Amino acid sequence: MIRYAAGRLTSLVISLFVASIVIFAVIEVIPGDPAAFMLGVNARPDTIAALRAEMGLDQSLIERYFDWITGLLQGDFGQSWTYKTPVADLIGDRIWISLPLAIYALILSTLIAFPAGIYAASRRSGAGDITIMGATQLGVAIPNFWFAMILVLIFAINLRWFSAGGFPGWDNPLQAMKSLTLPAIALALPQAAILARVMRSSLLDMLGEDFIRTARAKGLSARQALWKHAVRNALIPVLTIIGLQFSFLLAGGIIIEQVFFLPGLGRLIFQSISARDLIVVESVVMLLVFTVIMVNFMVDLAYAAVDPRLRSKA
Amino acid sequence: MNRNLIIGTTLTAVFITLAVWSFVWIPYDIESLDIANKLQTPNSAYLLGTDHFGRDILSMIMMGARTSIAVAFVAVGIGMALGIPLGLLAAARHGSLLDEVIMRGNDLVFAFPSLVIAILITAVFGASATNAIIAIGIFNIPVFARLTRGAALPLWERDFILAARVCGKSAARISVEHILPNITNLMIVQGTIQFSLGILAEAALSYIGLGAQPPTASWGRMLADAQTLVSIAPHTALVPGFAILLMVLGLNLMGDGLRDWLDPRIRVART
């Protein structure tokens, strides 16, 4: 296990390193001088030069990359050019909307998908199974931002149960959770559809295994065999998908934040793109990619811890 | 033919027909504004109603179908054209440094959600349908590479490949002449699925302003325009939303149906 983990850790570090180079390289080829862009068309050349020096743009690419990456490692994401505040503070403010939203959506998705998948598998080819599978087909095909608009139309505009957008802050946690509820549902439902399908097919695979027949032969009812043996074993692939979904939910939140006018990482990144605040774009993208790579790494480790056969493949 | 395949193919065919038809005829010109007829609910003159500029929504759906299908189709093409050869190469050189580099490269691209790739590309080159195609296409490459490698590896162990090697065929020739024909069905099914994901991705990118730009019609843009109108004219949001939903549903059903139809063994295993 230690050897496996060490192998995965090496590949994690290499992935992060290469990802950081890719992100830096892509952002740095952006046409147009950010300093000239910020100062407008009438700026004097010496003013632009001074700002370039202040922003560190007069250094070589390699120097700038190492400044950026060593800063990141120390938690210093640099200074936003438009907000004039540390990028780490900006991200720190916004992540307290994006992260809870992703976690909230993940919990909802799991709560919907588990019972639906288990029920469908246990009623295989029955009316319940067909209905749930039909619903998941729809769930997979629905664009989540459109679903979000429909939720706003029904629950915010017509029924007035929720606000149509905005975020009141965490001073009142209940109110904050309420304002994240519709966005979380919009994010969660399409994911729940995928997860329910995985849960169902994984469970059906397990129900065909010999150990289930053995369990039935020793006198367990179909329900006991399902809950005591099949569900536990079926969870392994499902957990992998849940891990992958978390990163998807975090990135997918970028769009949902637009629908609900939530001041999270998504809005930050769009504002920064239009303001040419490259250091913010760079850092937020790096943070998202870092999260995806870390989550995948942890899923791999958890998977190997549960299933010893995987370790030997390392 | 199974039910999924029939329903899926019909739905897909409807949208493809609408898109192709739009080259010849659309009910109303969508580039001229007709404020006098704005926000009409569906009626006999405007079958799906009009938007806030008085443009006919049916005409916009037809033109939008063209954009969606073109973007998703080319993006799948990019994914297949680069991903399949990479996967074949990795499988042919299984266990080598090249295989390792290709697979780790795949993992790396997977670490960038398609939306993040799109944001990066847009930040550099600006928003356009072409950049949406590139972003979705890049995301498709590792999907096909990984699938191809996974399907090709067990084939390399088979006797008919051994026979081909004994005949003196090169790895490249075996990949093209023997491996590729055996994984074509799998690629068609995955192509259909990626096509549907491409439609969703295009809509999402256009919705946040990173995809097709006006005056190019796009379902995602129609939804973005409808966002502030949803309370007074719900049809402006409902129609494009259902168009996306039905097109994606059709492609997914077609993918499922094709999988069963092309490989009876899967059908037995699945039921």
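Predicted model: local features only at pLDDT ≥ 70, side-chain atom pairs only at ≥ 80, totals over all residues.
Chain A contains 13 helices and zero strands, and chain B contains ten helices and zero strands.

| Chain | Residues | Buried | Span of the C-alpha trace along the principal axes |
|---|---|---|---|
| Chain A | 314 residues | 37% | about 85 × 60 × 35 Å |
| Chain B | 271 residues | 49% | about 75 × 45 × 35 Å |

In chain A, residues 24 or more positions apart account for 70% of the contacts with a separation of 6 or more. In chain B, among contacts between residues at least 6 apart in sequence, 71% join residues at least 24 apart.

**The interface between chains A and B**

The two chains meet through 34 residues of chain A and 31 residues of chain B. Several helices of chain A each supply at least two residues of the side that touches chain B: H1 (2-28), H6 (127-141), H7 (144-158), H10 (222-259), H11 (265-274) and H12 (278-306). By class, the residues on this side of chain A are 29 nonpolar, five polar and no charged.

One helix pair across the interface can be followed in detail. Two packed helices are described by the angle between their axes and the distance between the axes. H12(A) packs against helix H4 (residues 114-125) of chain B at an angle of about 160 degrees, with the axes 11 Å apart. Because angles over 145 degrees count as roughly antiparallel, H12(A) is described as roughly antiparallel to H4(B). The crossing of H12(A) past H4(B) is left-handed.

Which residues of the two helices meet? On the side of H12(A) they are Val281(A), Val285(A), Leu288(A) and Val289(A), and on the side of H4(B) they are Val116(B), Ile119(B), Leu120(B) and Ala123(B). The contact of H12(A) with H4(B) has eight nonpolar, no polar and no charged residues.

In soluble globular proteins, nonpolar side chains tend to be buried together. The largest nonpolar core in this model has 167 residues, and those that touch the most other members are Ala148(A), Val285(A), Val289(A), Val116(B), Ile119(B) and Ala132(B). The largest share of this core, 20 residues, comes from H2(B).

Val289(A) illustrates how residues of both chains come together. Apart from its neighbours within four places in sequence, Val289(A) is in contact with Ala19(A) and Ile23(A) of chain A, and with Ala111(B), Phe112(B) and Val116(B) of chain B.

**A covered helix in chain B**

Helix H8 (residues 219-226) of chain B is mostly covered, with seven of its eight residues buried. The buried residues of H8(B) are Trp219(B), Gly220(B), Arg221(B), Met222(B), Leu223(B), Ala224(B) and Ala226(B). What covers them includes H7 of chain A, together with H2 (57-92), H7 (171-207) and H9 (235-262) of chain B.

The loop between H7 and H8 of chain B holds Pro215(B). The peptide bond from Pro214(B) to Pro215(B) is cis, with omega near 10 degrees.

**Exposed positions**

Two residues of chain A other than glycine have a positive phi. For Lys84(A), phi is near 60 degrees, and the residue lies in the loop between H4 (61-73) and H5 (87-122) of chain A. Lys84(A) is exposed because 7 other C-beta atoms lie within 10 Å, and 12 or fewer count as exposed. For Phe261(A), phi is about 50 degrees, and this residue lies in the loop between H10 and H11 of chain A. With 12 other C-beta atoms within 10 Å, Phe261(A) is exposed as well.

In chain B, Ala13(B) is found in helix H1 (residues 3-24). Is Ala13(B) buried or exposed? Ala13(B) counts as exposed, since it has 12 C-beta neighbours inside 10 Å. Ala13(B) and Asp34(B) are 21 residues apart in sequence, and their C-alpha atoms are 31 Å apart in space.

How values were computed
Residues numbered from 1 in each chain as written. Chains lettered and ligands numbered in written order. Contact = placed C-beta atoms within 7 Å. Helix = DSSP H or I, 4+ residues; strand = E, 2+ residues; numbered from the N terminus. Nonpolar A, V, L, I, M, F, W, Y, C, P; charged D, E, K, R; others polar. Buried ≥ 20, exposed ≤ 12 C-beta atoms within 10 Å, placed from the backbone. Axes fitted to C-alpha atoms, helices over the stretch in contact; angles between N-to-C directions. Parallel < 35°, antiparallel > 145°, perpendicular 65-115°, else oblique. Left-handed = near helix turned anticlockwise from the far one by under 90°. Core = buried A, V, L, I, M, F, W, Y, C linked by C-beta atoms within 7 Å.
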